[in-house]
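Work through the exercises below with the sequence and the model at hand. Each task is followed by its solution in steps.

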Amino acid sequence: HRGFIMALLPSRTFTLGRSNRKVLGVCSGLANYFEVDVMLVRIVFVLATLLGVGAPVLIYLVAALIAD
């Protein structure tokens, strides 16, 4: 099963988006990594923040520190 799951995941590494960033480039980097529109990632992040789902701001900061 692991081989199947690994085949579905992108084979590249996560980096901060430098060209389309607003703050630190995390949403842009996630959009590039998963090949989705950056606006969709930003909307999901804002909704998660407003609705109190998990800890999106903390996750954002950790992702910014880990990437690059």
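**Exercise 1.** State the pattern that the protein chain follows when read along the sequence.

Step 1. The pattern is α-α-α-α, with helices taken as DSSP runs of H or I of at least four residues, strands as runs of E of at least two, both numbered from the N terminus.
Step 2. The secondary structure comes to four helices and zero strands.
Step 3. The model is predicted: local features need pLDDT of at least 70, side-chain atom pairs count only at pLDDT 80 or more, and totals for chains, interfaces and linings use all residues. Residues are numbered from 1 along each chain as its sequence is written, and side-chain values use heavy atoms, with hydrogens and water left out.

**Exercise 2.** Describe how α2 and α3 pack.

Step 1. Helix α2 covers residues 26–34 and helix α3 residues 38–51; their axes lie 8 Å apart at an angle of about 125 degrees. Axes are lines fitted to C-alpha atoms, for helices over the stretch in contact, and angles run from 0 to 180 degrees between N-to-C directions.
Step 2. This angle makes α2 oblique to α3 (under 35 degrees is roughly parallel, over 145 roughly antiparallel, 65 to 115 roughly perpendicular, the rest oblique).
Step 3. From α2, Cys27, Ser28, Leu30 and Ala31 make the contact with Val38, Val41, Arg42 and Phe45 of α3, where contact means heavy atoms within 4.5 Å.
Step 4. Six of the residues in this contact are nonpolar, one is polar and one is charged (Ala, Val, Leu, Ile, Met, Phe, Trp, Tyr, Cys and Pro count as nonpolar, Asp, Glu, Lys and Arg as charged, the others, Gly among them, as polar).

**Exercise 3.** Describe how α3 and α4 pack.

Step 1. The axes of α3 and α4 are 9 Å apart, at an angle of about 135 degrees.
Step 2. That makes α3 oblique to α4.
Step 3. Phe45, Ala48 and Thr49 of α3 meet Pro56, Val57 and Tyr60 of α4.
Step 4. This contact has five nonpolar residues, one polar and no charged.

**Exercise 4.** Which residues of α4 are buried, and which are exposed?

Step 1. In α4 (residues 56–66), the buried residues are Pro56, Tyr60, Ala63 and Ala64; buried means under 20% relative accessible area, exposed over 50%, partly exposed in between (1.4 Å probe, protein chains only).
Step 2. These residues lie on the same side of α4, because their arc around the axis is only 100 degrees, taken from the directions from the helix axis to the C-beta atoms.
Step 3. Leu58, Leu65 and Ile66 are exposed on the other side of α4.
Step 4. The cover over the buried residues of α4 includes α2 and α3.
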